[in-house]
Amino acid sequence: MSGSWQTLLVDERTDRVVVTLHRPEARNAISARMIDELHDVCARLERDPRLLLLTGHAGVFAGGADIAELLHRGRDEALQGINSRLFERVHRLPMPTVAAVDGWALGGGAELAYACDIRIAGPDAVFGNPEPALGILAAAGACWRLPELVGASLAKQVLLAGRTLDAPAALAAGLVIDVVPAPVLLDRAHALLDRMARSSATALRLTKLVVDAPGAHPPANDLAQAVLFEGSDKKERMTRFLAKKESTP
């Protein structure tokens, strides 16, 4: 994946793209430049769907949005939804997304992690949304995604009472799939992606689309299943499964 990256480290692979938030001078805070570069990544993944792994540099996921930039944003910038539109785009990427989080994931950093399909944490991961302490609200996804992820009561503890969720609390709440030692965090994240990559890419895309569809959606499920039932991938995979089963004593 070519590009002139100033705030990201981008590693393009055949079946996935690994993006590391890289602003070490600012705890990987999400700046306008980073927003633009992440939009570029999203555009490329929309054209060439692959799995996405998001992580942060040097033991920090993202310490929030860039406060120096937020200070100078006014009503018009708020109405543009600068961060929320990016995070929604990440959320709607065609293939599954994984956030590997160690260290701080605060404010916009937490909201970027919430926008991913799955999160895996290192032992020092901390999720939090301290926006009200700065006179604003968590308007880039936390106010609607966090209640869906952990329930309204716990979400209000984070959003209203300033509670942070460390790695054990995030695991207990179901916010993360696992907590693993920091030295193997990326290895475990890649193992998770490897497991998904062994599945049918079309089945993954349609499953994600149906899961994220609002409300009850039996017709959408049936239509997606109809597409998969007619595909060669389904026939080949089920034939291999049955052949393996028959050959097993």
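Which residues of strand 3 are buried on one side and which on the other? Leu51, Leu53 and Thr55 lie on one side and Leu52, Leu54 and Gly56 on the other, and all of them are buried, so that both faces of the strand are covered. Buried here means under 20% relative accessible area, with exposed meaning over 50% and partly exposed in between, for a 1.4 Å probe and protein chains only.

The model is a predicted one, in which local features need pLDDT of at least 70 and side-chain atom pairs count only at pLDDT 80 or more, while totals for chains, interfaces and linings use all residues. Residues are numbered from 1 along each chain as its sequence is written, and side-chain values use heavy atoms, with hydrogens and water left out.

Strand 3 covers residues 51-56, and because 6 of its 6 residues are buried, it is largely enclosed by the rest of the structure. Helices (H or I, at least four residues) and strands (E, at least two) are DSSP runs numbered from the N terminus. Strand 2 (residues 16-21) runs parallel to strand 3 and is joined to it by 6 bridges, where pairing requires that DSSP finds at least two bridges between two strands. Thr20 has Thr55 as its bridge partner in strand 3.

Two helix pairs are set out below, with axes fitted as lines to C-alpha atoms over the stretch in contact and angles running from 0 to 180 degrees between N-to-C directions.

| Helix pair | Axes come within | Crossing angle |
|---|---|---|
| helix 1 (residues 32-47) and helix 4 (residues 82-91) | 10 Å | roughly 25 degrees |
| helix 6 and helix 7 (residues 152-159) | 7 Å | roughly 135 degrees |

Helix 6 and helix 7 are therefore oblique to each other, since angles under 35 degrees count as roughly parallel, over 145 as roughly antiparallel, 65 to 115 as roughly perpendicular and the rest as oblique. Their contact (heavy atoms within 4.5 Å) is made by residues including Leu146 and Val150 of helix 6 and Leu154 and Val158 of helix 7. By class, this contact has 10 nonpolar, no polar and no charged residues, where Ala, Val, Leu, Ile, Met, Phe, Trp, Tyr, Cys and Pro count as nonpolar, Asp, Glu, Lys and Arg as charged, and the others, Gly among them, as polar.

Helix 6 (residues 142-150) also holds Arg145, which counts as buried because its relative accessibility is 5%. Leaving aside residues up to four places away in sequence, Arg145 touches Phe87, Glu88, His91, Tyr114, Ala115 and Ala140.
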